[in-house]
Amino acid sequence: MKAAILALLFLVLGVCQAEPLRVGLESQDYLPYYRALPGKPAEGYAIALLQRFAVSQGMALELEALPINRLHRSLQTTDRLVMVFPDNPAWSRQLKGDTRLHYSRPVIRIIDGSLVLREHLGRGADAVRRLGTVRGFTPEAWQERLQRGQVHLVEASDIGSLVRMLLRLRIDAIYANPEVLRHYLETSTDLGGDRLLLDPELPLARTAFHASSLLHPEVLDAFDRFLTEQREALAQLRRQHGLACGPSDLVEERPACQEPAEAP
């Protein structure tokens, strides 16, 4: 009996002392994907996904929301963060430098596109001289025009600031995720959301959310297994957060929809 109690005690102590799953993410309101802001509870699809993964591994989830510069500096210079989510090999290349990060397989496929005022729909890329995006985001679809100096990039701290700039004609288009912008406008009815549309004739990029890690590829292996084993449950989770395929108020004809990521 004493031996059984002692074994149980060691087991409990081992669980209590287990290393937490410490995940870094950008301090940003990016609902319905996630919102992580200082002093506010984290929420959204990505948070629920990470919570389920942590439970599956018997680990306590600890989130660290940081500005994008500090996020990548913390990942590269300390061993504090186990992984970062969401991330992508094409994002923040200047901040990552020569650091060789490990990446999970795609978690969810997304579209980043160019949104304009309804009355400016169909004018073409030459009409866009000032492109707005959230600070730290990489406007992949516009890189060639940006490098040639054909377009000037205007950065703002959040989606709301970009919408106001577009309505005041201070920028010609917003490069963002249409789902994020739609969600924001649905909760900010005073911003004239019915005037904004995704312009299918302007550059867009199909990309995906991955998890990244510098020192813990074994955690990403476990994450990949989790994504495969929980495929159906995670599809339901996407639907719960409004990320299932369906019509959007921001697009006349949707070029693609949120898809479950296929295993390689």
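Modeller: Before we start, a cavity here is a set of points, on a 1 Å grid over the protein atoms alone, where a 1.4 Å probe fits but cannot get out. Grid points are joined across faces, edges and corners, and a volume is the space filled by probe spheres set on the points. This is a predicted model, so local features need pLDDT of at least 70 and side-chain atom pairs count only at pLDDT 80 or more, while totals for chains, interfaces and linings use all residues. Residues are numbered from 1 along each chain as its sequence is written, and side-chain values use heavy atoms, with hydrogens and water left out.

Biologist: OK, how many cavities of 30 Å³ or more are there?

Modeller: Three. The largest cavity holds about 300 Å³ of space.

Biologist: Which residues lie nearest the centre of the largest cavity?

Modeller: Glu26, Trp91, Gly136, Phe137 and Thr138, out of 23 lining residues. To count as lining, a residue needs an atom within 4 Å of a point.

Biologist: And which strand gives the most to that lining?

Modeller: Strand 5, with four residues. Strands are DSSP runs of E with at least two residues, helices are runs of H or I with at least four, and both are numbered from the N terminus.

Biologist: How does the lining divide into nonpolar, polar and charged?

Modeller: There are 14 nonpolar, six polar and three charged residues. Ala, Val, Leu, Ile, Met, Phe, Trp, Tyr, Cys and Pro count as nonpolar, Asp, Glu, Lys and Arg as charged, and the others, Gly among them, as polar.

Biologist: Switching topic: where is Pro86, and what is the peptide bond from Phe85 to Pro86 like?

Modeller: Pro86 is in strand 5, and that bond is cis, with omega near -5°. The Leu31 to Pro32 bond is cis too, with omega near 10°; Pro32 is in the loop between strand 2 (28-30) and strand 3 (34-36).

Biologist: Back to Phe85, what does Phe85 touch?

Modeller: Leaving out residues up to four places away in sequence, its contacts include Val23, Leu49, Val107 and Phe209. Contact means heavy atoms within 4.5 Å.

Biologist: Which residues touch the most other members in the largest nonpolar core?

Modeller: Tyr33, Leu49 and Phe85, in a core of 51 residues. Helix 2 (residues 45-56) gives the largest share, eight residues. Such a core is a set of buried Ala, Val, Leu, Ile, Met, Phe, Trp, Tyr and Cys residues joined through side-chain atoms within 4.5 Å.

Biologist: Is Ser92 buried or exposed?

Modeller: Buried, at 9% relative accessibility. Buried means under 20% relative accessible area, exposed over 50%, and partly exposed in between (1.4 Å probe, protein chains only).

Note on methods: On a 1 Å grid over the protein atoms alone, a cavity is a set of points where a 1.4 Å probe fits but cannot get out, and a pocket is an open set with protein on both sides within 12 Å along at least five of seven lines; lining residues have an atom within 4 Å of a point.
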